[in-house]
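I opened the model today to look up a few things about its chains and how they meet. My notes follow in the order in which I checked them.

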Amino acid sequence: MKTRLSVAAVVLCASLVAAQTSKPAPRLSNGKPDFTGVWDHPRVGDISANVKGACAGGGRGCSSVVTGELLFTPAGKVEWDKNNKPTTYDYGAHCQPWGFVRAYNTPYPHAYVHHPDRLVILWEQDNRFHVVPTDGRDLPKDLEATWMGTSVGRWEGDTLVVTTAGFNGRTWLDTAQHPHSDALRLTIRMARPDYDHMTWDITMEDPKFYQKPIRNTRTFVLMEKGQELFEYSCSENNRCEGGKCAEADVQKKK
Amino acid sequence: MSRNLLAVFLVSAGLVVAGVRLPAHHSEAAEYDANKPVRVTGVVKKVEWTNPHIWFYVEGKDEVSGLAAVWGFSGAAPNGLRRRGITKDSLKVGDTIKVQGIRAKDGSANAASKGVTFSDGRQVFTASGEAPTAK
């Protein structure tokens, strides 16, 4: 209860501060808040640790507040013990998709392109995209297992609730290597309390690997006008892929 | 370089000097050994302003291991450096620089750079911001 109150206090304070300094959020043609923009997010290396102040793209005011603790199931503990070694193979270093949660944790911003019937997520990391239909459809009953999952969104007042499932279980929740299984289900409550801020409240449920849901309440900050996402090509010059560095031409013995 | 920008670099470099350990960025903890610091002073032979990390090559001797070679240093992605005001023109072939970093685990003359000091004393933080630092 104490933690829940703390999170509520943080969100309330952020909203009050934001309300004093920022214009109202823009609206879509259906009257709902428009999330379109390039957003700076907190750099979250570990979903079980709070982050305050710094934004990945250099701005200030981003944060991530953790509720609850990570409690592994026996199967989750086995996977964690396998991952939690310095020599662990990192699929991300081999240019495979980082996964939905980890893509939001990176040192690079993300953007939204918002229409009344869909939210398009653009991550600078790996220049990856994801479409969230918001036209009232449900998640398909027979989901394909994918790296980034399948999402649908529905409005609760001015909060967009995005549900994502159908993962292949081959990604991690963070660079600290917290695993997840194919049973992972994400519920994200997204709101834009004012022009310059978004709250992104994610609950991660994975009954195969975790005894209880894990929650992060994050604040995103709108990047300055003119800031755009950059190109990112993971495989362009990945010289030390797999821990073995390729020799460059200037390093070859003459 | 503006004074503010330089201050940001100096603070960042200070974090490195102070040995603040930040979460690892993808496989850097697997590819580089935080227990093997590298300090090379030499001349820049080549700069690759590429993803997912920039690389620059410095001909010189590592103060720690004594190995003289053309050392390859990785840095942050061009995107992250650009947002810090560091562009491909910030580091030029022929510059004399001092680089500190941590050595590749495969034993080759490669390392993850943490900071660069130019001959005029300017310090630039080249790491990705999440990579492990030398212990």
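This is a predicted model: local features need pLDDT of at least 70, side-chain atom pairs count only at pLDDT 80 or more; totals for chains, interfaces and linings use all residues.

Entry 1, a residue in chain B. I asked which residues Phe56(B) is in contact with, leaving aside neighbours within four places in sequence. The list I got is Val44(B), Lys46(B), Val47(B), Phe73(B) and Leu91(B).

Entry 2, the core. I then looked up the largest nonpolar core and found that it has 70 residues. Phe56(B) is among those with the most contacts inside this core, along with Met190(A), Val58(B), Trp71(B) and Ala111(B).

How many residues does each chain put into the contact? I noted 31 residues from chain A and 33 residues from chain B.

I found 3 helices and 11 strands in chain A. Reading along the sequence, I wrote down the pattern α-β-β-β-α-α-β-β-β-β-β-β-β-β. The radius of gyration of chain A is 19 Å, close to the 18 Å that the globule rule gives for 254 residues, so I put chain A down as being as compact as a globular protein of that length. Along its principal axes, I have the C-alpha trace of chain A spanning about 65 × 45 × 35 Å.

Of its 254 residues, 38% count as buried. I also looked at contacts in chain A with a separation of 6 or more, and 57% of them join residues 24 or more positions apart.

Technical notes
Residues are numbered from 1 along each chain as its sequence is written. Chains are lettered from A and ligands numbered from 1 in the order in which they are written. A nonpolar core is a set of buried Ala, Val, Leu, Ile, Met, Phe, Trp, Tyr and Cys residues joined through C-beta atoms within 7 Å. A residue is buried if 20 or more other C-beta atoms lie within 10 Å of its own, exposed if 12 or fewer, and partly exposed in between; C-beta atoms are placed from the backbone. Two residues are in contact if their C-beta atoms, placed from the backbone, lie within 7 Å. Helices (H or I, at least four residues) and strands (E, at least two) are DSSP runs, numbered from the N terminus. The radius of gyration is taken over C-alpha atoms; the globule rule is 2.2 Å times the number of residues to the power 0.38.
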